Amino acid sequence: MSRENLKSFIVLCLVGTAALGSTAAQESRISKPELATTTRVISLWPGIAPGSEQWKQQEAVLGSSGMETTVNVTTPTLTAYLPDSTVATGTAVIIAPGGGFVGLSIKSEGHDVAKWLVARGFAAIVLKYRTKQIEGKDAAELGQSARAAFMAQLNNHALIAEDGKYGIADGIQAVKVVRAHASEWGISPDRVVFTGFSAGGMITELTAILPDARPNYAAPIYGATFPEVPPIPQGLPPFFMAMAQDDTLAGSYIVHFYDALKAAGYKPEFHIYNAGGHGWGMRKQGTTSDHWIDEFYFWLEEQGLTRPPR
């Protein structure tokens, strides 16, 4: 990725991902009647999350009217959308939004995705993971600090991995916590899917690669490990991947990750759409990438995850 493209990428993380929340979740031809769901919010860690004991900044939401970005996440949580028992599949999908590890586009790349999935019988669980701490007394100062954090990533690519280490730890913990609640939430501990967008896609991939608590299935959406692909071990779960052909921001890194999986002997399902750019989330753009979630559903169906286990 060139310096200019990476600059565009980090600006998109700050501004563009927030804007994704401004549009309603796409309609899908895989339509289902609206059924009663249960929503629960739990802390990801008992007590203070390890490594952030000295963090003092308060969580804040920047923007409004559907353009919100959550910053300074100190206390990570899981928001579990649990389906009506008449349609429950017994499958859990953990969802990690993007935002460059500095903010979270938690609506378009989190709750909107969860609502689509829970209507189709999945236990859809939004991971609000820790983000890099930035300073500021008000929205203007926080925005300024966020921009400075992204510029620092531009000047030192290793900071992307450094800023993301807390989110990655939260991703691993999320798999453990979801499995611990399997009986209570009506899911099978061996039917845990992890999906994420952009930076959340990096969390998805590393959660699947690291041996601590691998999900059973992984679906990074326009996300890739950065700044390089780690060694690919044996024993990884099946992968579903999606990106747009005109993603000049992360596209080459996504392809490198796909190539690494293939070289290691895996057969990931990879959808490359003609257009859509980067960071589409659940917004409708009039491109074939609008239907990524339909293709994701079809993949889950082929894996046997759209109906209860026998």
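I looked up the pairing of β2 with β3 (residues 69-71) in this predicted model and found three bridges in the antiparallel sense. Strands are DSSP runs of E of at least two residues, helices are runs of H or I of at least four, and both are numbered from the N terminus. I count two strands as paired if DSSP finds at least two bridges between them. Ala-60 stands opposite Val-71 in β3.

Next I traced the sheet. It is open, with three strands in the order β2-β3-β6 and antiparallel pairing.

I then checked confidence. Mean pLDDT (the predictor's confidence in each residue, from 0 to 100) is 89 for the chain, and 88% of residues reach 70 or more. Residues 1-29 have pLDDT below 50, yet this stretch has 73 contacts in the model beyond near neighbours in sequence. Contact means heavy atoms within 4.5 Å.

Last, the nonpolar cores. A core is a set of buried Ala, Val, Leu, Ile, Met, Phe, Trp, Tyr and Cys residues joined through side-chain atoms within 4.5 Å; buried means under 20% relative accessible area with a 1.4 Å probe, protein chains only. The largest has 83 residues, and Trp-292 and Phe-296 are among those touching the most other members. Helix α4 (residues 158-180) gives the most to this core, seven residues. A second, separate core of nine residues includes Leu-62 and Val-71.

Residues are numbered from 1 along each chain as its sequence is written. Local features need pLDDT of at least 70 and side-chain atom pairs 80 or more, while totals for chains, interfaces and linings use all residues, and side-chain values use heavy atoms, without hydrogens and water.

Terms used:
Buried means under 20% relative accessible area, exposed over 50%, partly exposed in between (1.4 Å probe, protein chains only).
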